Amino acid sequence: MKKLYTEEKFKIRSEKRAVSELRRRRRNRSKKAKPPSKHITIRRNLSKKRVRIKAPSVFSIVENIEETMAFFENLKRVSRRHRRVFIDLSRVTEITMDALLYLLSYFDYLSTNGIPHNFRGNLPVYDECKYLFLESGFLKYVKSSLEIPFKSKNVVQIQSSESVNPKIAKEVIDFVIRKLKTSRSTKTRSIYKILMEMMANTVEHAFIQVKPTSKWYLISWHRKKSNEIKFAFLDSGEGIPATVRKKISEKIVDFFTDFLAPESSRDSELIYSALKGQFRTRTKKGYRGRGLPTVYNLWQNKEISRLTIVSNQGYVNCEENENLEFPKVFTGTLFTWNFN
Amino acid sequence: MIEINIARDFTDSPGGRYKRQGPFSGEEFRENFLEKHFTDSSSTSQISINFDGAYGYAQSFLEEAFGGLARKFGKKAVKERLKLISTEEPLLVEEISKYIDGSDN
């Protein structure tokens, strides 16, 4: 061996170098990225300039209206200022289809109104939520690097249109008959009737003025545990309270109420009165405006259950006899109900 | 007698009220299947309309088809000539009668 490597000076220098190298490696190890998370990202590269919006763990308008609407309000506020947004669904542990319909309707609103936007997002980590999301057909309406999953047998995937579409309603009824192992009956005809009325309402009545987006969104899915079909229908119009014709006396009350008691429960009451058909049709023609009462009658006759309506700042749960006002404004009208 | 079976002759999945809303509307059904039998005021033949076999009927479809017919040709003329058949959903007949009676409201 060369004399150089045996010298004490070299040995000390070499040892110091080794300790320094060890320290450097330990420092770098602690800074290394965590192991890749198990969720699937729709886009892998997250720009530092992209604003991240986190969805609540219970991502549901009907089950968790406060937090879910706060999320949407936040999304709207941020996307007005930032084009690049990341929607983080990774922490969602419970999800209902109504939230997905509303999210989709917001994307459509941005596109139709020519508002620049660049959204990215991820899927829930929790498997049950992830599969529900994939089964819903949401990915058909957005660009995704994921392979569009096969069509689920338990879901009639999200459908959307600007017109009354009997073919879709027919497909839904066939799905109901297949999953509940029943046949066409008065009850299935009632469901068909509701769907037609809701589609027609969206197209015809949902606007005070002509708007670029006048769409409805529909999804139905089979819940195996309870053997029932759940429906969510979203009308992306102005909403019942904004659309229906208020009685002149209520107009005056509204005027004073805005000054005196802005928290008064108005929207939920308007929804209820529209359901009861208290001559609230915008067209002012007596033979019109029967759509919403039809839905309410079916619930009263127990042909459908768990009817919930959310519109503007009103929330009505017919089953629980609950009507609430909430501070965030829900654009449009959401109907959810069950059928078995 | 003139016989019309909606599911067989028109569609088994009727639509909404107006043609502008989408296919198979009440307006379309009225114009293409009903009005021609009323335009000749001297015609008195009965018109039988069978509602069986369809997936269902929106109220707006029925009101526009039959209420609209009454608004155009008169309640009396319509009631005298129409014979409504619905074995699957008997209450439909009563419902349509109400639309005809209330057509001028």
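1. Strand pairing in chain B. In this predicted model, strand β2(B), residues 47-50, is joined to β3(B) by four bridges. The two strands run parallel. Within this pair, I47(B) stands opposite L82(B) of β3(B).

2. The whole sheet. Three strands of chain B make up an open sheet, ordered β1-β2-β3, with parallel pairing. β1 (2-5) and β3 (82-85) of chain B are at the edges. Each has a single partner strand, so one of its sides has no neighbour in the sheet. From one strand to the next, the twist averages 20°.

3. Cysteines. Over all chains, the structure holds zero disulfides. Two cysteines of chain A are worth a look. C129(A) is buried, at 3% relative accessible area. C318(A) is buried too, with a relative accessible area of 3%. The cut-off for buried is under 20%.

4. V316(A) and its setting. Where does V316(A) lie? It belongs to strand β9 of chain A, which covers residues 305-317. V316(A) is buried, and its relative accessible area is 0%.

5. Contacts of V316(A). Neighbours within four places in sequence are left aside here. V316(A) then touches S268(A), I271(A), Y272(A) and L275(A), among others. Its contacts also include L307(A), T308(A) and I309(A), as well as E322(A) and N323(A).

6. How many Å separate the C-alpha atoms of V316(A) and R27(A)? The separation is 57 Å. Along the chain, these residues are 289 residues apart.

Key
Residues numbered from 1 in each chain as written. Chains lettered and ligands numbered in written order. Predicted model: local features only at pLDDT ≥ 70, side-chain atom pairs only at ≥ 80, totals over all residues. Heavy atoms only, no water. Pairing = 2+ DSSP bridges. Axes fitted to C-alpha atoms, helices over the stretch in contact; angles between N-to-C directions. Disulfide = S-S within 2.5 Å. Buried < 20%, exposed > 50% of the residue type's maximum accessible area, 1.4 Å probe, protein only. Contact = heavy atoms within 4.5 Å.
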